[in-house]
Amino acid sequence: MRTVAIASRKGGAGKTTVAVHLAAAAEQAGLGTAIVDLDPQASAATWSDLRAAARPEVRCCPPNRLSIVLAEIAPCDLAVIDTAPHAEGGALAAARAADLVVIPCRPALFDFHSISATVDIAGLAGTPAAVLLNAVPPRGPMADEARDALAAMGIDVLETRLVQRQAFVHSLTAGLAACEFEPRSKAAAEIRALHREIALRLQSHRNQETSCRNA
C-alpha cells in the first residue's frame, strides 16, 4: 500500500477537497483506496456520509492511532491521509507514515509563509514533499508567479494545478467528486491529471527503494 498525506499548517488551503478528490480519482482508476481523516472536524467523513457509494472508505482516528488504522486498511492500494491545520503532531505523524506529502496552497502571498513549516515537517519525517497550487484563478498570472516564488524558495511544485471551479464545490455537497459529478468537466480532467502525476511519483519512489535494497 502506498500512502499520501495531504498537509498544510494553514487552514482553508483545501486539504479535504484535495484528499477526497484524489481518493475518488484513484478509485475510478481501479485502485482500492481509503481516506484516513485526522481532522477533528471530520469533513472527509461527512462527505462519505453523503455518498451512496461505499468506497473510498473513510476512517476517522486521532494521530496516535494512525499506524493501527493504516495496518487495518493495508489491503488497499492507496491510503490518503487528511490532516488538520495548526496540528504539528498530526502532520508529523502523517508525514512519517506517508510516501509523499502533498501541500495544497492557494496562490496568494500570505499562504507561502506556512508552506516552509510543512516542508520542514516532511523533512523531519524524511518524506518527499511537493506543493499543489489549488483554487487557482482561471485567468491572470498569479499561478505562474506563485510557482516562481516557490521555486525561488527551493520548494518542489507539482505540474498539475487545480483551478477554482464550481464543480469542486458542488460535487462535495452531493457526496461526490468532480470526476463523478461532471465526468467530462475541466475539473474532472484536472483531478485525473493530479492522480496520474502523484501515481508516477509514488512509482518512482518505489523504484528508488527497490534500487537501494538491491544495491
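**Close-up views of a predicted model**

**View 1. Ser-116 is a residue of helix α5, which spans residues 109–125.** The structure shown is a predicted model. With a relative accessible area of 32%, Ser-116 is classed as partly exposed, because this value falls between the 20% limit for buried residues and the 50% limit for exposed ones. Gln-203 is 87 residues away from Ser-116 in sequence, and the C-alpha atoms of the two residues are 25 Å apart in space.

**View 2. The largest nonpolar core of the model comprises 35 residues.** Helix α1, formed by residues 15–28, supplies the largest share of this core, with eight residues. The residues with the most contacts inside the core are Val-4, Ile-6, Val-102, Leu-194 and Ile-198. Leaving aside residues up to four places away in sequence, Val-102 touches Val-4, Ala-5, Ile-6, Ala-7, Ala-130, Leu-132, Leu-158 and Ile-198. Another core, of 33 residues, lies apart from this one and includes Val-36, Leu-92, Ile-103 and Ala-143.

**View 3. Helix α1 packs against helix α7, which covers residues 166–173.** The angle between the two helices is about 80°, and their axes are 11 Å apart. Helix α1 is therefore roughly perpendicular to α7, since angles of 65 to 115 degrees are assigned to that class.

**View 4. Residues of α1 and α7 meet where the two helices are in contact.** From α1 come Thr-17, Val-20 and His-21, and from α7 come Phe-168, Ser-171 and Leu-172. By class, this contact has three nonpolar and three polar residues, and no charged residues.

Methods
Residues are numbered from 1 along each chain as its sequence is written. This is a predicted model: local features need pLDDT of at least 70, side-chain atom pairs count only at pLDDT 80 or more; totals for chains, interfaces and linings use all residues. Side-chain values use heavy atoms; hydrogens and water are left out. A nonpolar core is a set of buried Ala, Val, Leu, Ile, Met, Phe, Trp, Tyr and Cys residues joined through side-chain atoms within 4.5 Å. Buried means under 20% relative accessible area, exposed over 50%, partly exposed in between (1.4 Å probe, protein chains only). Helices (H or I, at least four residues) and strands (E, at least two) are DSSP runs, numbered from the N terminus. Contact means heavy atoms within 4.5 Å. Axes are lines fitted to C-alpha atoms, for helices over the stretch in contact, and angles run from 0 to 180 degrees between N-to-C directions. Angles under 35 degrees count as roughly parallel, over 145 as roughly antiparallel, 65 to 115 as roughly perpendicular and the rest as oblique. Ala, Val, Leu, Ile, Met, Phe, Trp, Tyr, Cys and Pro count as nonpolar, Asp, Glu, Lys and Arg as charged, and the others, Gly among them, as polar.
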